[in-house]
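Please read the points below with the structure open beside you, and look up each residue as it comes up.

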Amino acid sequence: MIQSRTICATVALLGATLATAAAPAVAAPPAAPAAATACPTGWGSGDKAAGAATAESVRSVRTGRHDCYDRMVVDVPGAARGDLGYSVRYVDRLHQDGSGRHIPVSGGAVLEVRVTAPAYDPGTGAATYPARAGRPLPGVDLTGYRTFRDARFAGSFEGDTQLGLGVRGRLPFRVQQLDGRLVIDVAHTWSGAAR
C-alpha cells in the first residue's frame, strides 16, 4: 500500500514537471523606455559678468558631472551672494593678469573665469588656495567629464583670482552667484537634450 502511494506520488510529480517543461515560455513585458532628460537651453555662450568685490578669500575649486552639464564651483566662504563679482568669457588664449604670460589650457575652447576675490589673505598675503600659476587646479580630476577638458590656475592679482577652464567646444554656459560660492555650468550640447 505504501509502495503504490509512493509510485502514484512520483508519477504525479513527474507529470507536473513534464507539463511545466513543455509549456511555452512567456516573455517578460518589455521595459518602458527610459525618459529622456530635458536639459535647459538659452544660456548662450556670450560674456557674463557681475560687478562686485569681496575681501573674503577663495578657499577651493571643485567640479562635478551632471546629466546636462559639467559644473565648476569656486568656494569663497563668508562672501555674500551680492558681493561675489565675476567675469566669465571665452578667450582665444589665457593670459595671466599682471605679467601677460600665456597659460596653455587644453580643449577646443577656453573659458576665462575671473572671481573678484583673492586667493590669499589680504592682511598677510598668505595663500588661501594652494594653487600654482600655470598648473592644474589642486584636487580637480576631470577624467570622465563630457565637456570639461582642463582646469588651470592663472593667478591671483590685486584681489582677483583668474582660472582657465578648457572645454570640448564653445558651448553654452551659465554663472550663478550663491552665498559663499560661484557656480559655472557648461552644457554638454547646444540642443537641450542629454546624450
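With which side chain does the side chain of Arg71 make a polar contact?

1. The side chain of Arg71 makes this polar contact with the side chain of Tyr69, at 3.5 Å, where a polar contact is a pair of N or O atoms within 3.5 Å; within protein, one must be able to donate a hydrogen and the other to accept it, and residues adjacent in sequence count only if both atoms are side-chain atoms.

2. Please keep in mind that this is a predicted model, in which local features need pLDDT of at least 70 and side-chain atom pairs count only at pLDDT 80 or more, while totals for chains, interfaces and linings use all residues. Residues are numbered from 1 along each chain as its sequence is written, and side-chain values use heavy atoms, with hydrogens and water left out.

3. Arg71 is found in strand β3, residues 69-75, a strand being a DSSP run of E with at least two residues, numbered from the N terminus. Leaving aside residues up to four places away in sequence, Arg71 touches several residues, including Arg62, Phe148, Arg174 and Asp185, where contact means heavy atoms within 4.5 Å.

4. Ala127 is found in the loop between β7 (109-115) and β8 (148-157), and it counts as exposed because its relative accessibility is 62%, exposed meaning over 50% relative accessible area (1.4 Å probe, protein chains only). Not counting residues up to four places away in sequence, Ala127 touches Ala119 and Tyr120.

5. Glu158 lies in the loop between β8 and β9 (160-167) and, at 69% relative accessibility, also counts as exposed. Glu158 has a positive phi of about 50° although it is not a glycine; most residues other than glycine have a negative phi.

Conventions. Helix = DSSP H or I, 4+ residues; strand = E, 2+ residues; numbered from the N terminus. Buried < 20%, exposed > 50% of the residue type's maximum accessible area, 1.4 Å probe, protein only.
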